[in-house]
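Please open the structure in your viewer and keep the selection tool at hand. The stops below are meant to be visited in order, one selection at a time.

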Amino acid sequence: MLELRAVSKTFNPGTPNELRALQAVNLTVDDGLFVVIIGTNGSGKSTLLNAVAGSFFVDSGSISLAAAEITNWPEHRRAKLIGRVFQNPFSGTAANMSIAENLALAAYRGKPRRLDWPLRKPLLGEMRERVSHLNMGLDDRLKNPIGSLSGGQRQALTLLMATWLRPELLLLDEHTAALDPKSADQVIALTDTIVRRHKLTTLMVTHSMHQAANLGDRLIMMHRGRVIQDFRGAEKKRIRVDDLVARFEEVRRAELLDESAAEMLRRVYI
Amino acid sequence: MSLLLGALTLGFIFSLLALGVFISFRIFAFPDITADGSSALGAALAAMLLVHHVNPVLATFAGFAGGFLAGTLTGMLATKFKINGLLAGILVMTGLYSVNLHIMGRSNISVLGSSTLSTYLDRVGTALTRHNTLNVMGWEITSLEASLLIASFLFIVLAGCLMYVFFQTNLGTAMRATGDNHEMVRALGINNENMIILGLGLSNGLIALAGAFIAQYQGFADVQMGIGMVVWGLASVIIGEALVGTKQIGLSITGAVMGSVLFRLLVAMALRLGLNPNDLKLVTALFVFAALVTPELLNRFKTLKPRSFHA
């Protein structure tokens with residue numbers, strides 16, 4: 001179970017660029033739940049993922065995962081519990097190393113790296129088998145450098161790497177945003193399959209209303225560093241793309257109203 | 001002939017420098033100039049211990065260990081204290097200058113008269129050939145020269161193989177990945193800072209080992225001897241890459257050794273042809289500069305060509 005209690009993070013505090021990216025966010029995610037997070041630009045959805053992954057330490061609040069208090073754990077220590085796929089296909093793999101070497105690095109996620117041999121026969125066999133399930137024609141190319149693959153292939157491999165050892169939590173940060181539509185669909189289908197098959201607790205940030213409406217068991221909407229909407233269970237299942245667009249429009253109008261009201265008050269009183 | 005043998009032997013010894021520079025500059029993409037200090041540190045430590053009648057193997061190993069510590073120090077400055085990598089190297093290198101003076105007690109010490117690896121090899125060579133000189137294809141060479149060359153060759157083959165095997169292990173793979181993509185490495189639970197610290201330790205250990213061998217080969221250690229080492233190592237690595245490419249770690253290691261030997265041969269030839277030894281470092285720097293910018297210039301030339309054709 002993932003639990004965030006009153007998590008806050010402010011970037012560039014005390015400067016004109018101050019950004020209150022997370023404002024006392026509370027979130028509890030039960031085991032095996034697939035949670036989709038959407039939000040406007042700068043709403044804090046990626047910041048939320050990075051806070052859980054440990055890319056930075058939060059200013060206040062606490063984070064626990066699988067009964068461990070991980071608020072003060074550095075990123076590499078949290079990786080024992082967390083698998084991650086990044087938005088940028090270049091971020092999740094080492095371009096100059098072979099597919100097999102990359103997978104081997106993932107097969108030891110969270111374990112000490114010793115002077116033993118990573119590419120042993122059983123592991124290589126397992127690699128061939130699991131890579132063949134990607135249906136990307138990579139089975140015979142395990143020795144090829146990852147840099148020679150397309151973005152979609154790299155993201156599919158990163159997904160495989162993130163879930164090679166079953167993670168307590170899978171973090172997907174707009175992992176199809178940089179892909180062409182066809183590869184994006186492929187990677188999304190793969191994501192759904194893997195998450196369902198292994199019943200992975202998952203947080204997926206997306207900018208696609210379509211993905212948000214059709215994927216996952218729970219949908220969270222963020223705005224200005226806060227969770228403003230939380231659809232669960234049957235309610236989530238009923239959500240359509242139009243509902244989400246309408247909800248966003250509402251948020252936008254409220255904001256406009258806020259700003260025009262503020263402007264009016266300024267004009268009247270200043 | 002002995003000029004050629006000397007150049008080859010020096011080339012093999014300096015291969016350790018090239019391998020060290022390869023680790024920091026190529027595997028970690030870390031511009032580590034600690035090397036200028038750590039090579040002299042290796043020489044100083046080994047020479048000082050040899051003068052005090054310590055076993056040459058132990059003394060040489062002490063040189064390696066000293067360089068290793070210096071490298072980890074640079075790594076810690078760069079990671080734990082977030083100092084710019086180049087500056088971290090400069091700080092350690094500058095500090096090492098004083099350390100080296102303290103170790104030796106003066107600016108240079110001679111190990112002639114002490115028993116060193118060279119005197120060991122001389123004894124072995126003389127015992128095997130039962131002569132002080134050998135006749136190889138009409139050339140007269142001393143058994144010392146021959147045994148130094150063979151020993152340095154065997155050692156560098158062993159070191160290269162060990163390094164290749166190391167970078168295939170889990171730890172070595174994690175190190176290579178750290179230089180490739182530190183974001184991914186952290187996401188897979190590897191402490192990338194520790195990898196950099198350990199990697200720079202290994203790099204500078206090898207470089208200091210080269211220093212320790214050089215001190216015994218030339219018979220003295222000098223506090224100034226480290227100046228320009230990084231550029232020498234880089235020149236060797238670049239020549240190696242031109243020879244064998246950069247695709248595979250095994251090829252790169254072989255290339256660095258070949259580059260080092262070829263570089264020493266070129267230096268020996270240039271000096272023979274009348275190059276002023278004072279100009280050696282300037283010429284090497286210019287060579288590295290040219291090797292670094294040429295690919296870029298060629299690329300620009302290629303992309304410019306079609307446009308000028310239309311114009």
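This is a predicted model: local features need pLDDT of at least 70, side-chain atom pairs count only at pLDDT 80 or more; totals for chains, interfaces and linings use all residues.

Residues are numbered from 1 along each chain as its sequence is written, and chains are lettered from A and ligands numbered from 1 in the order in which they are written.

**The sheet of chain A**

Select the strands of chain A that form an open, antiparallel sheet of 4 strands in the order β2-β1-β4-β5; strands (E, at least two residues) and helices (H or I, at least four residues) are DSSP runs numbered from the N terminus, and two strands pair if DSSP finds at least two bridges between them. At the edges stand β2 (19-29) and β5 (68-69) of chain A, each with a single partner strand, so one side of each has no neighbour in the sheet. Now pick β1 (residues 2-11) of chain A, which pairs with β4 (residues 60-65) of chain A in the antiparallel sense over 5 bridges, and which is joined to β2(A) by 7 bridges, again antiparallel.

**Where the chains meet**

Next, show both chains together: 25 residues of chain A are in contact with 17 residues of chain B, two residues being in contact if their C-beta atoms, placed from the backbone, lie within 7 Å. On the side of chain A that touches chain B, α2 (75-78) and α3 (99-107) of chain A each supply at least two residues, and the largest share, 4 residues, comes from α3(A).

**Two domains in chain B**

Colour chain B by its domains, domain 1 (2-275) and domain 2 (280-311), whose bounds come from an automatic or database domain assignment. Their centres, taken over C-alpha atoms, are separated by 30 Å, and 8 residues of domain 1 of chain B are in contact with 8 residues of domain 2 of chain B. On the domain 1 side of this contact, helix α10 (residues 229-244) of chain B gives the most, with 5 residues.

**Helix α11 of chain B**

Move on to L251(B), which lies in helix α11 (residues 249-272) of chain B. Is L251(B) buried or partly exposed? With 17 C-beta neighbours inside 10 Å, L251(B) counts as partly exposed, since a residue is buried if 20 or more other C-beta atoms lie within 10 Å of its own, exposed if 12 or fewer, and partly exposed in between. Leaving aside neighbours within four places in sequence, L251(B) is in contact with V244(B) and G245(B). The buried residues of α11(B) include I249(B), S252(B), I253(B) and R264(B). Just after α11(B), find G274(B), which takes a positive phi of about 105°.

**The nonpolar cores**

Finally, select I37(A), A43(B), A44(B), A47(B) and A210(B), which have the most contacts inside the largest nonpolar core, one of 152 residues; such a core is a set of buried Ala, Val, Leu, Ile, Met, Phe, Trp, Tyr and Cys residues joined through C-beta atoms within 7 Å. A second, separate core of 5 residues includes L117(B), L121(B), L148(B) and L149(B).
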